[in-house]
Each structure stands twice: as C-alpha cells, then as structure tokens.
Amino acid sequence: SKVPSIPAVSFPVLQSMRLAGMHNPGVDLTKIPSLEVLDLSSCGLTAISDLPPGLVHLLLNDNHLVNLTELPSSLTELQIADNQLTTLPALPATLASLVVPRNRLTRLDLSGATSLQTVVADDNALQEVTVGDATSVRQASFRGNLLRAVDFMAVSGLQRLDLSLNLLADPPSTRLVQWMNLTGNCFASRPAALAVEVVHVEGASRSELDVCA
C-alpha cells in the first residue's frame, strides 16, 4: 500500500526528522523551522527546496536529485551520495563533512568551507578540485574521477588523500601527508620524492609508481 504523505501541519519545535526509505513523503519543510537533522535518503526525491534555516545535518543519499538550492548557513554535514548532481551550491563556512560520491560532478569548489575536515567525492567525473580557503581538510577522497592535477599545498594538516583511479600525469602537490593512495594513475615520469609518509600503490613502494612512456 502507498505510504501517506506527512500532514501539512506545523511542527514549531521538532528538531529531528528521519524518513529514509519513505517514498515521496511530501514534507512541507516550511512548517518545521526548528529542524536541525533531516534524513530523506532513498525517498525517490527529484527536487528539494525551502530547507530549514537552522539545519545542521542533511542526508539525501540515494535519490534522483539533479541540483540543490542554497544550503543553510548552519549546516555541518551534507551527505548526498548516489544522486545525479552536476554542480553544488556554495558551501557554508560551517560545513565539516561533505559526502557526494557517485554523482555527475565535473568540478568541485571547496572555497568558503573553512571548517571542512572530510570530503568524499569518489566516482564522479571530476576534472578540477579547487581548495580555496578550505585549508582545514584532514581527509579527502577523489577515487575514480578524471583528475589530471591536484593542488593541496594550501592544506597543512592533511592526513589521508585518495587519488586512485584518476588520470594524474604527475604526483599531487601537497605538504606532508600521512597516507596517500595513487593506485591506477599513469605518471609521465618517476617522482624523485613525495611529501608523504605512506604511499599505497597496489602494495608497491613509492619507487614503483606506474610510469607511462
């Protein structure tokens, strides 16, 4: 039987709503101004708008979204994996975690997300990543994209960086990184040194990076 829509009544003090798996729940978000946590994953959504202004955690995984409207300035977590996004709106300064794998993004601009610590954008079609002033990133994963060059020199505390299965011709520009995955790239020449403690390349050492003549 069809799941009924949520009644269009006001919930002035409701802070958390988790409706994952409820197909097209028909929630009027303008009636829930106090909402801080919203999970509408796997709801068959094709669009979403009028996000509550004080939203902190937003989960929209496994839908059919092609774009997002302006994000609340209070947002700290955005999960929107397995959608059809080609672009993202400007990221708020409060955002700490961005999880957007398996979309159709070709460019990712992290500028403005000055609190960002984790970004996961695997299996998109990324050709460009702009760090800008998002210099607090600690973990970043861009596995399975179309990146030919990456510059993370502005990020001083990066711990983990996954750039496997891209189109890198040269190693990424970074400061010291604890762990980096470069599996499945094809470098123009063998790098003399990398600013990294551990490089994972299909179990190989940094001296055995794949080189294409």
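Select Phe142 and Phe152: both residues are buried, where buried means under 20% relative accessible area, exposed over 50% and partly exposed in between, with a 1.4 Å probe and protein chains only. The model is predicted: local features need pLDDT of at least 70, side-chain atom pairs count only at pLDDT 80 or more, and totals for chains, interfaces and linings use all residues. Residues are numbered from 1 along each chain as its sequence is written, and side-chain values use heavy atoms, with hydrogens and water left out.

Keep these two side chains on display. The structure holds one aromatic pair; rings of Phe, Tyr and Trp (its six-membered ring) pair if their centres lie within 6.5 Å, and planes under 30 degrees apart count as stacked, over 60 as edge-to-face and the rest as tilted. The ring centres of Phe142 and Phe152 are 6.1 Å apart and the planes stand at 50 degrees, so this pair is tilted. Phe142 belongs to the loop between strand E9 (139-141) and strand E10 (151-152), and Phe152 to strand E10, so the pair ties together parts that are 10 residues apart in sequence.

Next, select Arg160 and Trp179. The charged end of Arg160 sits over the ring of Trp179, 4.1 Å from the ring centre; the criterion is NZ of Lys or CZ of Arg within 6 Å of the ring centre and within 35 degrees of the ring normal.

Proceed to Ala125, in the loop between strand E7 (118-120) and strand E8 (128-130). Ala125 is partly exposed, with a relative accessible area of 23%. Leaving aside neighbours within four places in sequence, Ala125 is in contact (heavy atoms within 4.5 Å) with Leu105, Thr106, Asn145 and Leu146. The C-alpha atoms of Ala125 and Asn145 are separated by 5.0 Å, although these residues are 20 apart along the chain.

Then turn to the loop between strand E2 (37-39) and strand E3 (57-59), which holds Ser42. Most residues other than glycine have a negative phi. Ser42, not a glycine, has a positive phi of about 55 degrees; this residue is partly exposed at 33% relative accessible area. Asp50 lies in the loop between E2 and E3 and has a positive phi near 55 degrees. Asp50 counts as exposed, at 51% relative accessibility.

Of its 213 residues, 43% count as buried.

Definitions and conventions: Helices (H or I, at least four residues) and strands (E, at least two) are DSSP runs, numbered from the N terminus.
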